[in-house]
Amino acid sequence: MVVEVTYPPGGVAPLHRHPVAGATYIVEGVAESAYGSDAPRQYRAGETLQDRADLPHTHFRNCDPDRPLRFLTIYVLEPGRPYTLEP
């Protein structure tokens, strides 16, 4: 499954987790992400990050207050299985 996501300027994700790892490519903007107790790290357009499986995704946001953040994530899942779960 390939997921294209757009976050509005300053958008923040609620606490969640992923049932499987995923590869994320930042198309435009700057994302900030952290899992568990890790410190947040920024990722810019052209960079990749990995969604980590079954760890709380404690922080994810669009760092730009004026422009959207767009990214693509690839997950390998059984049909019908969600790629994000509540904690």
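**Figure 1. Order of the elements in the predicted model.** From the N terminus on, the elements run β-β-β-β-β-β-β. The protein holds seven strands and zero helices, where strands (E, at least two residues) and helices (H or I, at least four) are DSSP runs numbered from the N terminus. This is a predicted model, in which local features need pLDDT of at least 70, side-chain atom pairs count only at pLDDT 80 or more, and totals for chains, interfaces and linings use all residues. Residues are numbered from 1 along each chain as its sequence is written, and side-chain values use heavy atoms, without hydrogens and water.

Figure 2. Arg-44 belongs to strand S4 (residues 41-44). The residue is partly exposed, at a relative accessible area of 44% (between the limits for buried, under 20%, and exposed, over 50%; 1.4 Å probe, protein chains only). Neighbours within four places in sequence aside, Arg-44 is in contact with Ile-26, Gly-29 and Val-30 (heavy atoms within 4.5 Å). Leu-69, 25 residues apart from Arg-44 in sequence, lies 9.5 Å apart in space, C-alpha to C-alpha.

**Figure 3. Overall dimensions and packing.** The C-alpha atoms fill a box of roughly 35 × 25 × 20 Å along the principal axes. Of the 87 residues in the protein, 36% are buried. Among contacts with a separation of 6 or more, 71% join residues 24 or more positions apart. The radius of gyration is 12 Å, which agrees with the value near 12 Å for a compact globule of 87 residues (taken over C-alpha atoms; the rule is 2.2 Å times the number of residues to the power 0.38).
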